[in-house]
Amino acid sequence: MVESKSEKPDVNKENVDPSKEMEIDEEEDVPTKVFTIEILRVIKDLQQQHGLRHGDFQRYRGYCSRRVKRLRKTLNLPQGDKRHYKKRDVTMANLEKENSDERLIHIPLMLAERAWAYAMQLRQESNTEPRKRFHLVGKLRKATVYALQLQELCNSEYCDARTKLEAEAYSAWIHGSLHFELSLWKSAAENLKKAQIIYENLAQTLPEEEQVVYKAKVDELTPSLRYCAYNVGENASMNDLLEMRGQGMLDNLSTLVAQTKTESMEAFQTTEWRGRKVTVRPEKVRLFLLSIQDLEKSIEKAKDYPSKIELLENVLLDCKDAISAIKDEIKQDPKLRTSSESGTMTATQYLLTYLSYTRLKLTLERNLFMVAQGKLSLDDPNAPEKVQIECKKTKPQDLSRLYEIILQNVSEMQQLPGMETDSAYQSEIETLTLTFKSFRCYYIAITLVALKRWREAVALYERSTKYASEAIASKAISKDFDLRNELKQLIQTIEGCKFSAHANSVLEEDTAEESVLYGKATKSSKPLFERLSLYKEDASLNSRNPNVFKLTPEMQPIPAKPLFFDLALNFVEFPSLEDKVEQKGAGGKQAAGMSGFVKGLFGWGGSAGK
């Protein structure tokens, strides 16, 4: 049709008003809004939050009424004013407006849910009041009307294929529930089976974390279908009932399912790690996973080790941003924090574990490049060829420190959440631990050789050989870090190092004996006062600070003065001394002496005063 219009002569175009032509072009450029409404997930979340977790249908019905009232007020779609009531349903005209909102479709959905909740409440009450069963059927009829209205809105061009399938399945389920109550077993089975087929196909096209709700709904419909099949009879099957209505529905279903699968593949990206596929939603995570696909080629193109290390550090910064994006998503959705009922991790948690493993793996690669860079300037006496580089020389203890950091990273790998029960993964990490332990022991041994501690060096050589042999013999080898060739080369190097260290230790013992016999100059930490019986030439005695005597003597323990506690004194009975104490006279007066005579003579004393 477009081509036929373009072939018309230009004379007709001259009669067209230019302003109208501009308006037509602007209308064509405006894209059509396409809504995506996950009907089943929405109603299941609302039901769990507002009473249905405890079977309280009345509370859920009240919530639906308040929700409809809030939606009508927000979307400016009231039903009359305070005095007059005027019914206003949501129609296609409301969706065609420029400022249309997807919440308009929620209004018929909430009305259908309110009618269905009222019907379920009446079903509970009909056990004691049978007349309420008629009211129940009336409410289900009302729910089917709103469900058809919802399906009509969703079948428009303003909704995507997934929303159309969801609305069709919801309407079929409401109709099946009504026919089930009316004992119309064939039509009930037909509608319920239709809803079950749609939900099964939707579950196959959606990501793993969204399949749980649809699979639960499929299992929920199974008992009702079995009861319908029992009442229909054994000769009729559910598939035959669907075929009675023709193949039109199934053809439409397959088309919509294919369209939904295409849209979901465009919206989401899946990644696989250790045999499990997970869906990647955050944009940062998807960009990061795409960036590391060609990381190995970029590293190979890098000229030297500093450029490779810098490249990995930049990728590590992107990895940390991706991990923070996943953590933010988990914080926003509380359901992602807990594992599923079967004990397995959710897809988002598994993706977080995968990203954490990727971060640790990239850190390991960077540290290994740092080790390789340090080996170029290492003064290793066991190296077959030495490359002279004008830079700061690396010490063996620097490399042993780097391997210590690598072992810490491997330990973090072993403790990743969700991988504790993966025996194959744990075996690979244990092999990796043995590998890096063997390298660490080797460089510690080289450090001890420089300090002429031969025995400890030989012991560490033996331990390094043991770790390397166990790592080579292990069958669980990590695909990311296969260092078996390096371990074999290390074992060959250690074989010669052990004999060299042993020979040096023997030579040192012989040299020590000769120095004692012939009095060669040796250094000693003991002062001259403590080694007067030994003759040794000590050059430090002729210096300004000779080690002759320690002026501040060291503290020595001495016996303390004992403390005596006379505890037996309380229990000693002393002899009586009454016979030796001078007794007073009977009147209580003693014989007056010379002093008494003088006092009486001159008027002194107490009696004269009286």
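Q: Hi! Which helix do Tyr170 and Trp173 lie in, and how many residues apart are they?
A: Both are in helix 9, which spans residues 161–181, and they sit 3 residues apart, about one turn of the helix. Keep in mind that this is a predicted model.

Q: Noted. Why would that spacing matter for where side chains point?
A: An α-helix has 3.6 residues a turn, so residues three or four places apart point the same way.

Q: Are Tyr170 and Trp173 buried or exposed?
A: Tyr170 is buried at a relative accessible area of 1%, and Trp173 is buried too, at 7%.

Q: How many aromatic pairs are there in the whole structure?
A: The search finds 19 of them. One is Tyr170 with Trp173: their ring centres are 5.8 Å apart and the planes meet at 55 degrees, so this pair is tilted.

Q: What lies over the face of Trp173?
A: That would be Lys217, at 3.7 Å from the ring centre.

Q: Nice. Where else does a charged end sit over a ring?
A: Look at Arg61, whose charged end sits over the ring of Tyr118, 4.0 Å from its centre.

Q: Back to ring pairs. What is the geometry of Trp273 and Tyr425?
A: Their centres are 6.5 Å apart with the planes at 80 degrees, so the pair is edge-to-face. Trp273 belongs to strand 1 (residues 269–273) and Tyr425 to helix 19, so the pair ties together parts 152 residues apart in sequence.

Q: Buried or exposed, those two?
A: Trp273 and Tyr425 are both buried.

Q: And which rings are linked into a cluster?
A: Ring pairs connect Tyr403, Phe436, Phe439, Tyr442, Tyr443 and Tyr461.

Q: Let's move to the core. Which residues touch the most other members of the largest one?
A: Val285, Phe288, Phe436 and Tyr461 do, in a nonpolar core of 69 residues. Phe436 and Tyr461 also belong to the ring cluster.

Q: Which helix gives the most to that core?
A: Helix 19, residues 423–450, with 13 residues. There is also a second, separate core of 65 residues, including Val68, Trp116, Ala119 and Ala195.

Q: What is Val285 in contact with, leaving aside its neighbours within four places in sequence?
A: Val280, Ala322, Ala325, Ile326, Leu351 and Leu355.

Q: Which residues are buried in helix 14?
A: In helix 14, residues 283–291, the buried ones are Val285, Arg286, Phe288 and Leu289. Viewed down the helix axis they fall within an arc of 165 degrees, so they line one face of helix 14.

Q: Switching to Asn367: where does it lie, and is it buried or exposed?
A: Asn367 is in helix 17, residues 347–376, and counts as buried at 2% relative accessibility.

Q: What does Asn367 touch, not counting residues up to four places away in sequence?
A: Its contacts there are Ile405, Ile406 and Asn409.

Q: What about Arg41? Which helix, and which side chain joins it in a polar contact?
A: Arg41 is in helix 4, residues 39–49. Its side chain and that of Glu38 are joined by a polar contact of 2.3 Å. Arg41 is partly exposed, with a relative accessible area of 35%.

Q: How are the C-alpha atoms of Arg41 and Val212 placed, and how many residues apart are they along the chain?
A: The C-alpha atoms are separated by 9.9 Å, while the residues are 171 apart along the chain.

Q: Where is Lys452, and what is its phi?
A: Lys452 is in the loop between helix 19 and helix 20 (454–473). Its phi is positive, about 60 degrees, and Lys452 is not a glycine either. The residue is exposed, at a relative accessible area of 54%.

Q: Last one: how many helices and strands does the protein chain have, and how many residues?
A: There are 23 helices and 2 strands. The chain has 610 residues, of which 38% count as buried.

Definitions and conventions: Residues are numbered from 1 along each chain as its sequence is written. This is a predicted model: local features need pLDDT of at least 70, side-chain atom pairs count only at pLDDT 80 or more; totals for chains, interfaces and linings use all residues. Side-chain values use heavy atoms; hydrogens and water are left out. Buried means under 20% relative accessible area, exposed over 50%, partly exposed in between (1.4 Å probe, protein chains only). Helices (H or I, at least four residues) and strands (E, at least two) are DSSP runs, numbered from the N terminus. The arc is that of the directions from the helix axis to the C-beta atoms. Contact means heavy atoms within 4.5 Å. A nonpolar core is a set of buried Ala, Val, Leu, Ile, Met, Phe, Trp, Tyr and Cys residues joined through side-chain atoms within 4.5 Å. A polar contact is a pair of N or O atoms within 3.5 Å; within protein, one must be able to donate a hydrogen and the other to accept it, and residues adjacent in sequence count only if both atoms are side-chain atoms. Rings of Phe, Tyr and Trp (its six-membered ring) pair if their centres lie within 6.5 Å; planes under 30 degrees apart count as stacked, over 60 as edge-to-face and the rest as tilted. A charge sits over a ring if NZ of Lys or CZ of Arg is within 6 Å of the ring centre and within 35 degrees of the ring normal.
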